[in-house]
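The points below may be read alongside the sequence and the model.

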Amino acid sequence: MTIEEIRPALEAIVGAAHVLSSPDGPRLVVRPGTTDEVSGCLAFANRHSIPVVTLGGLTGLVRGTELFGNVVGISTERLNGVLDFDPLRRQVTVGAGIKLEEVHRFAERHDLRYGVNFGARGSCSIGGNIATNAGGNSVLRFGMTRANIAGLEAVLADGRVLSDLGGLVKNNTGYDLKQLFIGSEGSLGIITKAVLKLSRPSVDTASVLLALDSLDDALAVMSVLELKCGVSLLAMEIMWNRYFKTAGALALRGSPLPLADHHPLYILAQVEGAGNGPSAEDLVLGALEGIDFIPDSALASSQAQQEAFWSIRDGSEYIEASHPTVLSFDVSMRPQDYSTYVAGVEDALSRRLPEAISYYFGHLADGNVHFMIAHDNSIDHADEIIEACVYETLSVYWPSSVSAEHGIGLEKAEHLWRSRSEEEIAVMNAVRKTFDPNGILNPHIQYRSRLD
Ligand SMILES: Cc1cc2nc3c(=O)[nH]c(=O)nc-3n(C[C@H](O)[C@H](O)[C@H](O)COP(=O)(O)OP(=O)(O)OC[C@H]3O[C@@H](n4cnc5c(N)ncnc54)[C@H](O)[C@@H]3O)c2cc1C
């Protein structure tokens, strides 16, 4: 079908005002406002084998929302309401297009909190978070998005609606189908609603920034904080020197950094107080007492100070904007393997692409390092060389993953085999075929084995 034939059919489903041309012109983007409209769009697309790509907040880092060929974009932008709230069970039902930050605001207004949190909170959607099983800064305490979902509604490729919005804690009646959509990157259906688990907020929090000389020291501090703070430990992030220095200068806009910028590593940990027990500040100071290998540290207990500390950790976008090309990586491994792995990547880069500038940071306790590796487009095949340095070095580590949090998208598909067996990839494709026999949903995302 031509775009001229598709447009009126979609306009009849969602209204003319909600069928737009893609920013680059040749493709359509539809903005359904209800589950029924999503269902109508998909049933139509499926009947005519029109490929669709689901668009959430567009903050994904693996090119999962790329529009190409005759694809139609289906945006969840208008599915953005708070639909139901159950204060007793502390669950909120939302439309998939609602922004993560809106959910935090809603929770705060009801003296609750939502456990998933990270730098893109102002733009990313809950549907996108679910589709990518997003992690973030609080996985240590609240788990990945999967652990925060109590119910889901999704529309299948043929327009059927699978709805499991009851939010029951226990329901062992056959397969828990909603789990399949979490992390499916839009390949099994379009998520239209979700029931999110909320929890009681912290009475008080404190964040501590620690300078450290080595990864072994960082891991030793991590063990102490985990042991002494227990569930009060909300987050423990790590930044290597260049990331701290650069993101810090850009995020704080020239205001002095909380610590001198010459240390090899920095840990940022956040702790909450125990309510009627010790305050967050007392807890973290007590836990760190007696550790004699921390060269420098800074404590933030006010909200404003803590936000300043966290703006450094969440400042990757500033780095991204300050280079012509930046490749992002998101690898997972045992924390005890970080040190040799990062050194291995640095060594490979220094031999094969000394012009590259690399920034390392990540979620220390989750075994998840993010790399941003920048180049100035002056070297041929720089992207390929950088990918080889990162992934070839990774291949000797087990367990490891080429995508800890960000998904596969278009970008990581060719590396999937490094983290998944032939058998796993075959079963993924069989599940996909069952949900979407015509292959219309996000067809650019392919689960490929090494042999394909
Ligand atoms: C500054 C910054 C910091 C980040 N930090 C983190 C981090 O710490 N942890 C982390 O995990 N990620 C992080 N990300 C990546 C990104 O924000 C997450 O992957 C996020 O969950 C994507 O949500 P989105 O709404 O923007 O999805 P999009 O980018 O719009 O889409 C992502 C994928 O999900 C699919 N999709 C979107 N909505 C739906 C839906 N309703 N139904 C079915 N499929 C859908 C899309 O087709 C696509 O394949 C960061 C990104 C930025 C820019």
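1. Helices (H or I, at least four residues) and strands (E, at least two) are DSSP runs, numbered from the N terminus. In these terms, Ser328 belongs to strand β15, which spans residues 325-333. The structure is a predicted model, in which local features need pLDDT of at least 70, side-chain atom pairs count only at pLDDT 80 or more, and totals for chains, interfaces and linings use all residues. Residues are numbered from 1 along each chain as its sequence is written, and side-chain values use heavy atoms, with hydrogens and water left out.

2. Ser328 is buried, with a relative accessible area of 15%; buried means under 20% relative accessible area, exposed over 50%, and partly exposed in between (1.4 Å probe, protein chains only). Apart from residues up to four places away in sequence, Ser328 touches Phe371, Glu411 and Lys412, where contact means heavy atoms within 4.5 Å.

3. The domain assignment gives domain 1 (3-75), domain 2 (82-199), domain 3 (205-314) and domain 4 (323-405); such bounds come from an automatic or database domain assignment. The centres of domain 2 and domain 4, taken over C-alpha atoms, are separated by 30 Å.

4. In total, 36 residues surround the ligand, and the closest are Thr54, Gly57, Thr59, Gly60 and Ser125; a residue is counted as near if one of its heavy atoms lies within 4 Å of the molecule.

5. Four elements, β3 (52-55), α4 (126-132), β10 (190-199) and α11 (316-321), each supply at least two residues of this shell. The greatest contribution is from α4, with five residues. By class, the shell divides into 12 nonpolar, 21 polar and three charged residues. Here Ala, Val, Leu, Ile, Met, Phe, Trp, Tyr, Cys and Pro count as nonpolar, Asp, Glu, Lys and Arg as charged, and the others, Gly among them, as polar.

6. A nitrogen atom of the ligand is 3.4 Å from a polar backbone atom of Gly186. Taken alone, the ligand exposes 970 Å², and the protein buries 95% of that; accessible areas come from the Shrake-Rupley method with a 1.4 Å probe.

7. Gly57, one of the closest residues to the ligand, is found in the loop between β3 and β4 (72-75). Gly57 is partly exposed, with a relative accessible area of 23%. Leaving aside neighbours within four places in sequence, Gly57 is in contact with Lys99, Ser123, Cys124 and Ser125.

8. Is His406 buried or exposed? His406 is buried, at a relative accessible area of 17%, and is placed in the loop between β18 (400-401) and α14 (422-435). Not counting residues up to four places away in sequence, His406 touches Leu61, Val62, Thr132, Glu185, Asp330 and His370.

9. Phe85 is found in strand β5 (residues 82-86) and counts as partly exposed, at 22% relative accessibility. Beyond its neighbours within four places in sequence, Phe85 is in contact with Gln91, Val92, Phe106, His110, Leu112 and Leu198.

Methods: Polar contact = N/O pair within 3.5 Å; in protein donor to acceptor, adjacent residues only side chain to side chain.
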